[in-house]
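Please look over the sequence and the model shown here before reading on.

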Amino acid sequence: MAAIKRIKVGTASCGIAAGAGQVFDALKNAATDVPVIGVGCFGHCYAEPIVEVECEDGTSVFYSKVKPEDAAGILNLTEEGRFSIPARRAELEKTLVTRLAGKINPIDMQEYIANGGFESMKKAFAMTPEQVVDEVKKAGLRGRGGAGFPTGMKWSFLAAKQVPEKVLICNADEGDPGAFMDRSMMESVPFQMMEGMLIGAYATGATKLFIYCRAEYPLAIKHLSIAIDAMKEANLHMLPGREKPLEIIIKEGAGAFVCGEETAMIHSLEGKRGTPRFRPPFPTDSGWNTLPTAINNVETFCNIAPLFSIGADAFAAIGTEKGKGTKIFALAGDVKNPGLTEVPMGTTLAEVVYEIGGAEPGTVKAVQTGGPSGGCIPADKFDTKIDYDTLGALGAIMGSGGLIVIGNNRCMVETARYFLSFTQRESCGKCTFCRVGTTRMYEALQRITEGKGTEADIAFLEDIGPKIKKGALCGLGQTAPNPALSTLRYFRNEYEEHVRDHVCSAHICSALTDIKVDTDKCVKCGLCMRTCPVGAIQKTDVFTVDNAKCSKCNSCIEICPKKAISRVNKGEGFNSSL
């Protein structure tokens with residue numbers, strides 16, 4: 001048995017939520033002569049807590065779903081609990097940007113340096129700023145924040161401004177439900193993100209750096225703060241040819257989704273209400289406090305160091321003609337293996353959902369890409385190769401990289417209603433198209449899911465959606481109709497059954513369903529009755545549900561050991577029915 005060199009515990013937010021803190025303490029106490037360190041996210045969030053044992057012979061052994069009591073067995077390299085990445089997933093993934101995530105101590109600058117950290121910055125600093133911008137252009141890197149604007153072109157706009165002060169902002173205000181790519185990178189490799197920002201500042205002439213990070217990411221903010229302090233101590237914020245050091249500021253956002261839009265973010269950084277403004281002038285002409293300003297998101301900056309490490313030609317060789325490099329996706333929803341994955345642009349949706357996510361073919365109805373204002377792509381389109389343009393042609397968007405898998409047991413009308421409830425609530429209210437339009441769309445969807453909708457509501461959604469997209473002031477309103485329009489495009493039959501037959505075939509919409517007990521399966525254990533929060537379940541000779549009182553919380557369905565309770569359309573039932 002190989003000697004153990006050190007033990008690494010995944011202590012990013014996903015690991016901590018699964019109990020990695022207690023596992024770390026148990027291993028620390030048990031391993032008296034072996035270093036135990038915390039690392040970032042391994043990407044396999046479904047398997048957390050994850051422990052990697054590094055051996056002196058250069059090999060590693062992984063353990064998944066580790067408990068504190070497993071510490072002794074891990075120190076003995078027991079076979080129980082060992083974890084390995086499926087071969088096909090390993091073939092599909094390409095860990096370019098996430099190469100060091102889960103591999104190093106996130107807040108140890110020396111370990112980052114020992115693994116190639118800041119070598120890209122040295123290469124960039126040996127070039128002129130113009131050459132750095134040209135290298136990013138040549139690589140074909142597009143912004144990973146959603147719109148896919150060419151990064152090198154944006155940097156060139158800022159670099160062209162001949163003024164004493166310029167601003168570069170990192171958008172770390174990741175607000176999409178189900179998205180956690182940027183949080184993971186900040187927690188796992190904060191020095192890599194900062195290296196990208198330093199290269200960007202050198203290339204563009206920026207004198208002030210802002211990191212706008214939502215306050216709900218305390219661990220990311222902590223790691224970034226430590227990284228910035230370490231870099232300042234090493235004088236890395238003094239760029240070549242500069243008389244003054246870079247000013248680097250972390251600004252904690254209050255969680256307003258609209259502040260992900262660049263002009264709204266700038267207003268927030270200025271201490272104003274976070275609302276977008278008309279453009280022009282564009283931020284690179286007049287941004288923060290009227291200074292020329294450019295904004296990129298976390299993943300974009302995390303691409304910069306790998307780009308310079310392998311060179312623009314090698315970077316451009318990865319992916320598709322219009323989508324260069326890799327993309328990090330956050331897999332969530334009805335999938336066996338939720339977590340992070342990094343794949344080359346051009347990987348198909350089927351490969352991501354089935355071979356990486358582990359969903360069974362035939363069990364998935366659609367996938368939602370691009371967050372709450374993205375689109376729902378049906379399973380029969382999963383042969384689509386992922387890049388900005390192909391997803392756009394299907395009525396979806398790349399977005400920042402959230403990818404929610406929707407199983408066959410979901411209602412697409414309710415899915416659209418859910419996402420519209422989010423976007424209309426997050427609208428800043430400044431423009432009528434978004435403020436009123438998304439509200440009216442949500443109300444129409446609400447009527448349909450309640451069985452009160454009509455054919456006119458469907459026609460209304462199809463009519464107003466494109467108008468909102470065309471007339472809204474910012475990206476929130478311009479993309480908010482996507483969930484409704486894409487589900488109407490691909491799942492119109494579900495809308496029609498709601499308005500014509502007043503049924504929900506997925507048995508999801510509460511107003512159209514009842515909770516019923518199948519007395520042939522019921523073993524009369526009483527768990528459902530004791531669990532019901534509103535006392536809607538009664539027992540006579542059999543257990544029955546008073547649907548007039550029932551809140552449709554599904555607690556009884558989830559706790560029933562025999563799966564004897566389920567939703568059915570109103571008027572249907574099993575042996576017992578009220």
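Cys553 is partly exposed, with a relative accessible area of 37%, on a scale in which buried means under 20% relative accessible area, exposed over 50%, and partly exposed in between (1.4 Å probe, protein chains only). This is a predicted model, in which local features need pLDDT of at least 70 and side-chain atom pairs count only at pLDDT 80 or more, whereas totals for chains, interfaces and linings use all residues. Residues are numbered from 1 along each chain as its sequence is written, and side-chain values use heavy atoms, with hydrogens and water left out.

The other cysteine to consider is Cys532, which is buried at a relative accessible area of 18%. Its sulfur lies 6.2 Å from the closest cysteine sulfur, in Cys553, and that is too far for a bond. A disulfide is counted here as a pair of cysteine sulfur atoms within 2.5 Å, and a search of the whole structure finds zero of them.

As for confidence, pLDDT (the predictor's confidence in each residue, from 0 to 100) averages 95 over the protein chain, and 99% of the residues score at least 70. Over residues 574–578, however, pLDDT stays under 50.

Helices (H or I, at least four residues) and strands (E, at least two) are DSSP runs, numbered from the N terminus. Strand S10 (residues 326–333) has seven of its eight residues buried, so it is largely enclosed by the rest of the structure. Strands are said to pair if DSSP finds at least two bridges between them. S10 runs antiparallel to strand S11 (residues 339–344), to which six bridges join it, and a hairpin of five residues leads from S10 to S11; within this pairing, Thr326 has Pro344 as its bridge partner. With strand S14 (residues 402–407), S10 pairs in the parallel sense over four bridges, and there Leu331 stands opposite Leu403.

Helix H7 (residues 129–139) has Val132, Val133, Glu135, Val136 and Ala139 as its buried residues. Seen down the axis of H7, these buried residues fall within an arc of 155° (taken from the directions from the helix axis to the C-beta atoms), so they line one face of the helix. They pack against helices H6 (119–125), H8 (151–159), H10 (190–204), H13 (298–310) and H14 (312–316), where contact means heavy atoms within 4.5 Å. After H7 comes Gly140, whose phi is positive, near 75°.

A salt bridge is a side-chain nitrogen of Lys or Arg within 4 Å of a carboxyl oxygen of Asp or Glu, and by this rule the count comes to 34. Three of these pairs are listed below.

| Pair | N to O distance |
|---|---|
| Arg88 and Glu351 | 3.4 Å |
| Asp313 and Lys138 | 3.4 Å |
| Asp457 and Arg447 | 2.6 Å |

Asp313 is exposed, with a relative accessible area of 52%, while Lys138 is partly exposed at 49%. Arg88, the partner of Glu351, is partly exposed at 35%. In the remaining pair, Asp457 is buried, with a relative accessible area of 7%, whereas Arg447 counts as partly exposed at 33%. Elsewhere, Arg6, Lys8, Glu52, Glu54 and Glu111 are linked in a network of salt bridges.
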